[in-house]
Amino acid sequence: METSAISVLKRAVELDQSGRFQESLVCYQEGIQLLMDALKAVKDESKRGHYREKIKGYMDRAEQVKAHVNQMKEDGKYHEQIRISEDATGYSYEVLFKPYISSALTEVWVEDPYIRHIHQLYNFLRFCEMLLKASCNVQRIHLLTSQDEMDSSQQSSALAELKESLSAQGVTLDLHYSSTIHDREIRFDNGWIIKIGRGLDYFKKPKGRFSIGYCDYDLRQCQETTVDIFHSKHTKTLSE
């Protein structure tokens, strides 16, 4: 327990120092809880005091980070950047989006011109599954993409099937097409805006169907890309 806490809190400090504040808050919260669990098992009073001091220090820093993030949100100046290097792993949708998902999240807008080919359609499916498993209450997902000129029937039938499947989960998929869309952006109605240079399609093709990373996106190698995260008190809709 103590080893796990140290590892998570070390990661929290690294993220904090690199300006990835929202991610660091997630790690601080997890690490502090692990340290508090470890404290319960400690009998030696001097060691318990050491644990309490550490917990207080990390809690104080987490509160400072939270206040800093909230002020930047209020001022409309929040921006952080994540650079995913070529062949990097550990950047599944769960890892990338988790820090920005909250219980207040109910609606998501996805603008991505490349939800067309079969692997891109699977990417979007994985993204939707991630939202369903997350600690939020997503009720509506909007997708704005371009039509596949080579095989529009495969694209339309796949998205129609996904729409029906999401409906069975109580989620509405609003689908729109544009022939001029170029930018890639994901917006949450809790104010977070995530812009990925390659959109959802930043993973490399696996070497085979039975190679590591085929099923688990945390183990899938990535293409080099940049992720920019902003926060706005007013999240625009696709029609604006």
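Analyst: Happy to! Contact here means heavy atoms within 4.5 Å, and helices (H or I, at least four residues) and strands (E, at least two) are DSSP runs, numbered from the N terminus. This is a predicted model, where local features need pLDDT of at least 70, side-chain atom pairs count only at pLDDT 80 or more, and totals for chains, interfaces and linings use all residues. Residues are numbered from 1 along each chain as its sequence is written, and side-chain values use heavy atoms, leaving out hydrogens and water.

Let's look at helix H3, residues 45–75. Its 31 residues reach 45 Å from the first C-alpha to the last, close to the expected 45 Å (1.5 Å times one less than the number of residues). Buried (under 20% relative accessible area, 1.4 Å probe, protein chains only) in H3 are Tyr-51, Ile-55, Ala-62, Val-65, Val-69, Met-72 and Lys-73. Their cover includes helices H1 (2–17) and H2, along with strands E6 (192–196) and E7 (225–231). Just after H3, Gly-76 takes a positive phi of about 70°.

Now for the domains, whose bounds come from an automatic or database domain assignment. The chain is divided into domain 1 (1–75) and domain 2 (79–234). Between them, about 870 Å² is buried, 56% of it from carbon and sulfur atoms; this is the accessible area (1.4 Å probe) that two parts lose on being put together, summed over both. Eight residues of domain 1 are in contact with nine of domain 2.

Conventions:
Buried means under 20% relative accessible area, exposed over 50%, partly exposed in between (1.4 Å probe, protein chains only).
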